[in-house]
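Dear colleague,

I am passing on the structure below, and my notes on it follow. Please read them with the coordinates open.

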Amino acid sequence: MKILANDGLAQNAIDKLREVGHEVSTSNVPQDQLIDHINNENVDVLLVRSATKVREDLIDACPNLKMIGRGGVGMDNIDVEYARNKGVNVFNTPASSSQAVAELVMSHLYSMARGLYDANRQMPVNGLSDFKVLKKKYGKGIELRGKTLGIVGFGRIGQYLAKYALGNGMHVIAYDMYPINVEIPIEINGKVVHHEKVSTGSLEDLLGNADMISLHVPKQSDGSAVIGSTEIDKMKDGVLIVNTARGGSVDETALKSALASGKVAAAALDVFENEPTPDTELLQNDKLSLSPHIGAATVEAQARIGLEIVENILKG
Ligand SMILES: NC(=O)c1ccc[n+]([C@@H]2O[C@H](COP(=O)([O-])OP(=O)(O)OC[C@H]3O[C@@H](n4cnc5c(N)ncnc54)[C@H](O)[C@@H]3O)[C@@H](O)[C@H]2O)c1
C-alpha cells in the first residue's frame with residue numbers, strides 16, 4: 001500500500017512498514033494540495049498527527065483512500081463518523097501518549113511552582129545587571145509535595161498524571177463526567193509497590209479544594225470550555241491551572257482576566273484556541289508557562305505511537 005505520513009512518522013514505524021513491502025512517504029504536503037496529491041499518487045493510507053485536517057471535502061474527493069490514522073489521541077481534526085460511513089477505516093493510538101503528557105504536566109507544575117519559566121526569560125536579559133533583584137523576585141516559590149492537585153477528566157492521561165502526582169507527594173482529587181473508581185499503581189524502579197485508591201467526586205469540590213488544576217478532557221462536541229469564569233470564581237485564590245487538553249478547554253479570555261486579577265497565580269498552556277497562530281496576548285503574558293502543543297511529542301511516545309500505527313495498518 002502507499003502510505004502518506006503527512007505530519008511525520010517515527011523511523012521505527014517507517015522501517016517496519018517498508019520491511020513488509022509498503023511504500024511510505026513523509027512529505028509534508030500543504031493542506032490545499034493534499035486532495036490532488038492523494039489522488040495523483042494513489043495514496044491508500046493517510047497518517048496525520050494534529051496539524052493536517054481530514055474533513056468531509058477531502059474524504060469525498062479521495063474515494064480510494066482506505067485508511068486514515070491519527071498518531072495520538074484527540075481526533076477532532078478528522079471527520080471520523082463521516083469517513084467511517086463511507087467505509088474508510090479510521091484509527092488513533094490512544095495507549096501511547098499518556099506518560100508523555102503526564103510528564104509535561106509535571107514539568108509545567110514544577111516550572112510554575114518556582115517561577116522557572118519566567119526566570120528563564122529574565123536571566124539572559126537581566127541576570128548580569130540585576131542578579132539580586134531577580135533572586136528576590138523568584139525566591140518565593142512553593143513546593144508541590146503536600147499540595148492538592150485537581151484532575152478534571154479522569155481517563156487515560158488523567159490517571160497517568162495521578163500516578164506521577166501521588167509519587168511526588170501530592171494529594172489527588174479528580175472529577176469526570178462519569179464516576180470512576182481506580183487503584184493507581186505507584187512504582188519504584190519499575191516495580192509496583194503500592195496501589196492508591198482514587199474516586200472521582202464533584203466538580204464543585206475539586207474547584208474549591210485544589211491548589212493546582214490540570215485538564216484532561218477531549219474537545220467538547222459543541223466546542224464549549226470546561227473551565228470558564230464561573231468555574232474559576234469557585235477556585236482557591238492563587239490557584240495554578242494547566243491545560244494540555246485542547247485549545248479552549250480553559251476559556252482563554254476568562255483565563256487572561258483571572259491572571260490579571262491574581263485569582264489565578266499562574267497557568268500553563270500547551271494547547272491554544274487558534275493554533276498554529278495563538279493569541280499574542282497569551283504568548284507575551286509573563287504569568288503563563290508555554291509550550292507549542294508538544295504533550296505527546298517525546299522520542300519515546302512517538303516510537304510507541306509508531307508501533308501502534310503499524311499494528312493498526314497490518315491488521316487492516
Ligand atoms: N497536548 C497534547 O499533545 C495531547 C496529547 C494527547 C491527548 N491530548 C488531549 O487529552 C485528551 C484526553 O486524553 P485521554 O487519553 O486521557 O482520553 P480519555 O478518553 O481516556 O479520557 C478523557 C476523559 O474525559 C472525560 N470527560 C469528557 N468530557 C468531560 C467533561 N466535560 N467533564 C469532565 N470529564 C469529561 C471522559 O469521560 C474521559 O474519562 C484528548 O482527548 C486530547 O484532546 C492532548
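The lining of the second largest pocket divides into eight nonpolar, three polar and six charged residues, where Ala, Val, Leu, Ile, Met, Phe, Trp, Tyr, Cys and Pro count as nonpolar, Asp, Glu, Lys and Arg as charged, and the others, Gly among them, as polar. This is a predicted model, in which local features need pLDDT of at least 70 and side-chain atom pairs pLDDT 80 or more, while totals for chains, interfaces and linings use all residues. Residues are numbered from 1 along each chain as its sequence is written, and side-chain values use heavy atoms, with hydrogens and water left out.

The second largest pocket has a volume of about 330 Å³ (the space filled by probe spheres set on grid points joined across faces, edges and corners; a pocket is an open set of points on a 1 Å grid over the protein atoms alone, where a 1.4 Å probe fits, with protein on both sides within 12 Å along at least five of seven lines, and lining residues have an atom within 4 Å of a point). Of its 17 lining residues, Met112, Ala113, Arg114, Gly115 and Lys140 are the closest to the centre.

Turning to the ligand, Arg156, Ile157, Asp176, Gln220 and Asp270 come nearest among the 23 residues around the ligand (a heavy atom within 4 Å). That shell has 12 nonpolar, seven polar and four charged residues.

Best regards
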